[in-house]
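Please look through the sequence and the three-dimensional structure shown here, and then read the briefing that follows.

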Amino acid sequence: APVVLDEDTLFVIYDQLGPFTPQVRAQAIAERLARLAKDPFTRIYPVTAADRASTSELVYGEMVVMTVTDRDAEPSGLSRQELAKAYAQKIQAALANSREQFTLRTILINAGLAILDTIILVVLLVLFHKTFPKLYAKLEAWRGSIIRPIRIQQVELLSADQIAAALTGIAKTIRVAAVLVLLYMYLTTVLGIFPWTRGVSAALFDAVLSTLQVIGQAFATYIPNVISIIVIIFVTRYIIKLIRLLFTGVERGAITFAEFQRDWAQPTYKIVRFLVIVFAAIAIFPYIPGSQSEGFRGISVFLGLLLSLGSAVSISNIIAGVVLTYMHPF
């Protein structure tokens, strides 16, 4: 089991000592070293190796930091005493390195860096506060001049007011996103400067990174499903166009079927189009993200129940209309 201090592996424990497994021993040693390294008020002692009958103890002041056994020394090819001295030097160097981060000079430098980061954050926030309102005013001023309505012949799809409002909304969204990113970068940077809060900074960074990785993996996983949905929609669209051409020809008399009235063309086209759309929706359903989850299925059943109970009269009228249409009583 490795002994880790400040993300650096110092050495590896192999032997079980009494009821303590190598993993438990390594964790206890790492906790002791971390406590010594992060306490700026602890006196600095040399790490010494004290040889016993069957073990060697590494002592820091009055504290026994760890015990080295013959089994711990076997993989290294050194004797227990030689390995204990080597471990003592490693621990001494690691503690000295960690203590440097807690000296008054280092703390003052870190505080200066934190103040510098805060100043940069404030400057950027003030810049956003002054720049984005000017951008909003520009978009408002461009309404009707640079920002023109979108038309197809005489039909106005989007007015200038709608386009300007949409662009303003996008600019506001960008501002909020930029502020959130700045705050996140500021927190991770400032917390990462000080040794006491580096763990919090790493946890915050890992949380966001893992979330982005999950989103990216989910997006990559569902790309084939999205492509399948697009293909189904594309094919369904052209099938409906083909069916429309067929029934338009029947309505005009260019295409005839025995015992099929011309005035049945439009209602039959609408019924067939509805059935094709339903079939396409059924084909798309398995490719929708989360469609296989129990929650999604429960909601689907609930909506189906509401639809069946609430539209019984409407369905009866539709069936009656279809019967009257094809029986041709009038």
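## Briefing

The side chain of D15 makes a polar contact with the side chain of T69, at 2.8 Å; a polar contact is a pair of N or O atoms within 3.5 Å, where within protein one must be able to donate a hydrogen and the other to accept it, and residues adjacent in sequence count only if both atoms are side-chain atoms. This is a predicted model, in which local features need pLDDT of at least 70 and side-chain atom pairs count only at pLDDT 80 or more, while totals for chains, interfaces and linings use all residues. Residues are numbered from 1 along each chain as its sequence is written, and side-chain values use heavy atoms, with hydrogens and water left out.

- D15 is found in the loop between β2 (8–12) and α1 (22–37), where helices (H or I, at least four residues) and strands (E, at least two) are DSSP runs numbered from the N terminus.
- D15 is buried yet has no salt bridge, and the nearest side chain of opposite charge, R25, is 5.1 Å away; buried means under 20% relative accessible area, exposed over 50%, and partly exposed in between, with a 1.4 Å probe and protein chains only.
- For charge, Lys and Arg count as positive and Asp and Glu as negative, whereas His and the chain ends are not counted, and a salt bridge is a side-chain nitrogen of Lys or Arg within 4 Å of a carboxyl oxygen of Asp or Glu.
- Not counting residues up to four places away in sequence, D15 touches P22, R25, T69, R71 and D72, contact being heavy atoms within 4.5 Å.

**The sheet**

- An open sheet is formed by 3 strands in the order β3-β4-β5, with antiparallel pairing; two strands pair if DSSP finds at least two bridges between them.
- β3 (47–51) and β5 (63–69) stand at the edges with a single partner strand each, so one side of each is left without a neighbour in the sheet.
- From one strand to the next the twist averages 25 degrees, with axes being lines fitted to C-alpha atoms, for helices over the stretch in contact, and angles running from 0 to 180 degrees between N-to-C directions.
- β3 and β4 (residues 55–60) pair over 5 bridges, with T48 opposite V59 and D51 partnered by S56, and a hairpin joins these two strands through 3 residues.
- Because 5 of the 7 residues of β5 are buried, β5 is largely enclosed by the rest of the structure, and α1 lies across β4 and β5, running at about 145 degrees to β5.

**Salt bridges**

- The count comes to 6 salt bridges, including one in which the side chains of E57 and R52 meet at 3.4 Å, N to O.
- E57 counts as buried at 19% relative accessibility, whereas R52 is partly exposed at 41%.
- R143 forms a salt bridge with E140, their closest N and O atoms being 3.0 Å apart, and the side chains of D161 and R143 also meet in a salt bridge at 3.4 Å, N to O.
- D161 lies in helix α5 (residues 160–193) and R143 in the loop between α4 (104–141) and β6 (150–152), so the pair ties together parts that are 18 residues apart in sequence.
- Salt bridges that share partners join D51, D70 and R80 into one network.
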